[in-house]
Every structure is written in C-alpha cells, then in structure tokens.
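Trainee: I've got a model open and I'd like to talk it through with you. Can we go feature by feature?

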Amino acid sequence: MALRRLARASSSILLLTLLALLPAPARAGAQSLDGDGLIATGLLLRQMDGVKRVLMIGAHPDDEDTSLLAALSRRYGAQTAYLALTRGEGGQNLIGPELWDGLGIIRTGELQAARKLDGGLQFFTRAFDYGFSKRADEALTFWPHDELLSDVVWIVRRFRPQVIVTVFHGTPVDGHGQHQAAGIVAREAFKVAGDPSRYPEQLREGVEVWTPEKLFELARRNPSEATTEIETGEYDPLLGRSELMLAMEARSFHRSQDMGAPRPLGPRTSGLRLETDRTGAGDAEGMFEGIDTAMADAAASLPQAQAGPAKAHLEAYRASLAAAREHFGGIDPYAVVAPLEEAVGHLLMAKKAAGSAAGTELTHVLDHKIDLARRAFLAAEGVRLEVRADDERVVPGQTVRVNAIAWNGGPTVLKDADAALALPAGWRADLVKAEGLASDASLAPGTLATWTFDVALPPDAELSKLYYLRQPRDGWLYRWPADHPELWGLPRDPAPVHGTFSFSVASGVGAVAIDQDEPWRYVAVNPARGEFNHPVLTVPAVSASITPGALVWPQDRRDPRTMTVAVRSEAHDGSKGHVVLQAPA
C-alpha cells in the first residue's frame, strides 16, 4: 500500500526509548534542592568544607537507608552515594506494563528522583535482577563472583569513599540471595580495592587503588548492636522539616513498587554497627572519628614548593567560606555573594599552585569543591542558565535551533559573558546571534542574554540509546562499552549536547572565572499542566509498530486475522515510502 506524506507525530515504537532517557525530574516530578536561591545556597555551604565521602552498597532499588543518606548529605555535608547491584528488573511494576529491561529503566529513574532529594549520587553494577533467589551461591552463579566484585571495586576506586556502609550481612539472615551477595561483595571490595594486584586493568582506565578506612553495617535487624547512631528526625530550619521527612518524600518516588511513604514527625535515628576500622579510633565520637577530613591536609603530599602556597589558599578559602556562612540568612540575602566569589578564587589558585604535582586525591577534592563553590555562587547570585532546543526529537541530518540563556537575577555584574555548545563528533553549531549583552560583553544585574545557535546533525548521527543496552546482555550481566569507561556504573548517559557558560567576576582576590555546563532540554507548555521539559533525543526519521505484538494462531483455523502497522515520521517535512507486510508462505 502507498504511504502518504505524514505530518510529524510521536512514535509508539519509541516510547520505551523515550522513557529510557527521561531523567527522573521530568517523569517523576522530583525537584532538586541544589538549584537556585537561598535553600540551595545553604545546602551547598554545608558541603563546602571538609572531605567526607560515604558509599552505601545494597542489591536493589529501595534497599538503601534513604534517611541516612539524606542526613549525611543535607545536614552533615558529606558526599554520599548509593551503589545498587541491580536496577530492579526482576520485580513487579504497579504503574505500568513494563517488565525486565523496561522496568529497570523505570526504577533507575526512580532512584535518580530519590537522589535529587536526599543529595546522593547513584551507581550500578552490570548485574541484571533475574528474580528472587534463596542463596548467595545461586546469585553468584548467575552473576559470576569475580565479575561482580570487579564492578564494585571499580565504583569504590572511582568514588573514593573513606566509609563504606553495607546494607546486608552477607549470610542467610538477609533472606534474598541477592541481598546476601551484596553483603559478601561489599566486604570483599572493602578489603581489595586498595590492592594494585586486584583488577589491575582498571588502573589503565582512569582510576587508582583506594583503601576505605571504615566498614559499617546498617543495624536494621538488630538495633541494639548499633555502635553509632545518626540523628535523622531532627528539625532542619533550612529545609523546614527533618531529613527523615525529606527522605520519605524521596522514598515515595519508588512508585513502581507502590512505596508511597508517610513523613513522620519527631526524633528518629539510623543505627550503624562498626565492623572494620583501619584507623583504630572507633566511632564513639561519630562515624568519621580518626579519619582525616581536613581540606588543607589533602595537600600534605605535595612537594614543599607547592604545598605552602596551596595550603595558604585552602586556608584562605576556609576563611571566605566562614564569612559566607556568617552572612547567610541575614537581612541582605546577597551579602553571601562576595565571600563566595573569593572562595572560588582561592580554590582556583590552590589548584594552580598544586599544578602537576597534585595527585588523584587532591585533584578529586579540589575539582569537587570548585564545582560546589561555583554552584553556590550562581545560586546565591540568582544566575539561571538554560539550554533550550526547539525540538525534542531530532533526526540524523536535521538542523535544530538551540538557545543558550543566561539570566543574571542578582546585583553583580558578570563580565566577559559567553556561551558555547559542546557537541558530539561530526555535529556542527553555528552562532546565529547573541542578544542582551552590553557592548563590553558584560551581563548587567537583572538582565537576560541569549545566544542562538543552529545545530546540524550529521546524516550518520548516533541514535539515543542507553549505554548499557547498546549490546545484548552476557547472560545475567549487562555489557558496558569497552571504549567508554567514564560511563561504567552511571545511571544513564549524559546529554550529548551541553551549553558551556563562562563569566568573570571582580572579587577581593582579583578576577574570578565562573564556568558552568548545562545540558540541552526541550521546554514547552501542556495546556492542562503547564510548562514541562524533556531531554532531547536523536531518533530515526521513520519508525513502525505492529499491533498486536503477538498472535496465537491455532493450526486448524483458517479465518483471517487483522494486524495494524502504525508508521510515524519525525522528519520535519514528513516522509514518503511503502509498507509491505512480510508473512510466511
């Protein structure tokens, strides 16, 4: 049959791909607390001093102690992460028909939505949740033991936690065999991640060995065995609630598991049992007792010529941070901006002073703190940065209009303002116009600047697909792309197009560079629900789906059956062609 020229329409066959690439806020409604304004500034200020990293390890989405993650991150300023061995593919789905890989995609988004609130990072191994098992040896047969341990060690070496918290005991008391496996490999990774003879191939992919200091187990089943307790139910005036209440809001994003949770008032704690302590200090004074968390001490390994200047700038940074905290929450909400400018400047100078002598740990610390300080400055100053594409589904060969937008809502003049687009290889961006800047390229207080680009995709542009689904599974393990180790363990691929904004601000330590990347998004309005934003996907120009997806056809029946082929075009000018249904003889 002839296929008429089709207007642009959404493609049913792309629904799973779209769902796969929607980040959690777009689908589940999660609002990040690390955006703009005073609350975001205050939370970032809590994280900007000290070096504290905690990795929690469980088997599935929902195994984590969300209230503990929220308290450590939001109140105590630790950098936290949750490593789930699986994406929960083997469970039930109470919000839709997706199962297995599709359910794993949904639960990945639910975990990301939870982390947006509790402040943690999210990691995964290659393990595919094959369903319930009773024994650890069964789980470690489906997931080859050495392969699974390698993935956990990779995350430990990448995140570099001083403290590991295992959710499970690693014995039959955990019930589920996958729970037991998680407890086993968490303890083994604690032991071997610092051994260069274990998984040495990882050291060629951009990580170094790392030795955590303490191993704790959650004391969920036996609260009386807890050696330390973290308060999670204390009222937080910055949040207007407790971290427990925040965590239960985050927990409610596990919607496919029907886990909407109440937000209880009043005191509550999360108990931990110290299992292994390489510091010898114990945990009577807290989980970080005996661990060197001072920022200046991160420069201790530098040669003397670099150590002195680097430490001086780190101490000056802490003084600027103290001033910012002192001014925060006063009558003048912008009084915090100037000390934050100086804080960014001192961190940049500390990194410059350390130079090539900075090892992995100091570089890791400085890069993280520079990112926090820049974000705190932008939040306090009221700078809003967005990159908006005119189309949410682009096709290879298409040209799409993209606007990079900077709104300076605060009182500081942003000098040398500029924006550029970071693109995949083979893509091209042409600047069409720049509007809103002063003649000296500054962005005045209360003004908006827009850089407009035409972005051309090559005819062979890669279609959007999650990195761990690009190849068929190896049994019950996903395959990670060998040529992209930077993706291993992440929830999903980063956006292929980013806007890079750059400014400079005058401060007490001279001109300070402020750079920030933002992914491109599609922003539109739903008449019933208001403004929404989606990720931009690269999709085929034409796609097709067949309904029903499966037929049972008894051999003794000769009556005809009806099948519907739906063809959709994403090309701006529509598409021409023919549809032929291939049937058996």
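Trainee: Is A441 buried, partly exposed or exposed?

Mentor: This is a predicted model, by the way. A441 sits in the loop between strand 15 (428-435) and strand 16 (447-456). Its relative accessibility is 27%, and buried would need under 20% while exposed would need over 50%. So A441 counts as partly exposed.

Trainee: What is the phi of A441 near?

Mentor: A441 is a residue other than glycine, yet its phi is positive. D416 in strand 14 (residues 415-422) is not a glycine either, and its phi is positive at about 50°. For A441, phi is near 65°.

Trainee: About how many Å² does the nonpolar surface patch with W553 cover?

Mentor: Its members are I546, L551, W553, M563 and L581. L581 lies in the segment after strand 23 (577-578). The patch comes to about 460 Å².

Trainee: On to charges: how many salt bridges does a search of the whole structure find?

Mentor: Side chains of opposite charge can pair when their charged atoms come close. One of the pairs here is R135 with D137, at 2.9 Å from N to O. R135 is partly exposed at 46%, and D137 is partly exposed at 47%. The search of the whole structure gives 30.

Trainee: Which residue forms a salt bridge with R115?

Mentor: R115 lies in helix 5 (residues 101-118), and its partner is in the loop between strand 2 (53-58) and helix 4 (66-75), so the pair ties together parts that are 51 residues apart in sequence. Both residues are buried. The closest N and O atoms are 3.0 Å apart, and the partner is E64.

Trainee: How many residues apart are R75 and E243?

Mentor: Their side chains meet in a salt bridge at 3.1 Å, N to O. R75 counts as buried at 19% relative accessibility, because the limit is under 20%, and E243 is buried at 0%. R75 is in helix 4 and E243 in helix 9 (residues 243-251), so this pair links distant parts of the chain, with a separation of 168 residues.

Trainee: Which strands stand at the edges of the open sheet of seven strands?

Mentor: The order is 4-3-2-5-6-10-7, with mixed pairing. The two end strands have a single partner each, so one side of each is left without a neighbour in the sheet. They are strand 4 (121-124) and strand 7 (228-231).

Trainee: Which residue in strand 10 does E231 stand opposite?

Mentor: Strand 7 and strand 10 (residues 269-277) pair in the antiparallel sense over four bridges. Follow E231 across to strand 10 and you land on T269.

Trainee: At about what angle does helix 8 run to strand 5?

Mentor: Helix 8 (residues 177-192) lies across strand 2, strand 5 (163-166), strand 6 and strand 10. Helix 4 also lies across several strands, including strand 3 (79-84), to which helix 4 runs at about 155°. For helix 8 and strand 5, the angle is about 165°.

Methods. Residues numbered from 1 in each chain as written. Predicted model: local features only at pLDDT ≥ 70, side-chain atom pairs only at ≥ 80, totals over all residues. Heavy atoms only, no water. Salt bridge = Lys/Arg side-chain N within 4 Å of Asp/Glu carboxyl O. Buried < 20%, exposed > 50% of the residue type's maximum accessible area, 1.4 Å probe, protein only. Patch = residues over 30% accessible without salt bridge, like charges linked within 9 Å, V, L, I, M, F, W, Y side chains within 5 Å. Areas by Shrake-Rupley, 256 points an atom, 1.4 Å probe, with all protein chains shown as cover. Pairing = 2+ DSSP bridges. Contact = heavy atoms within 4.5 Å. Axes fitted to C-alpha atoms, helices over the stretch in contact; angles between N-to-C directions.
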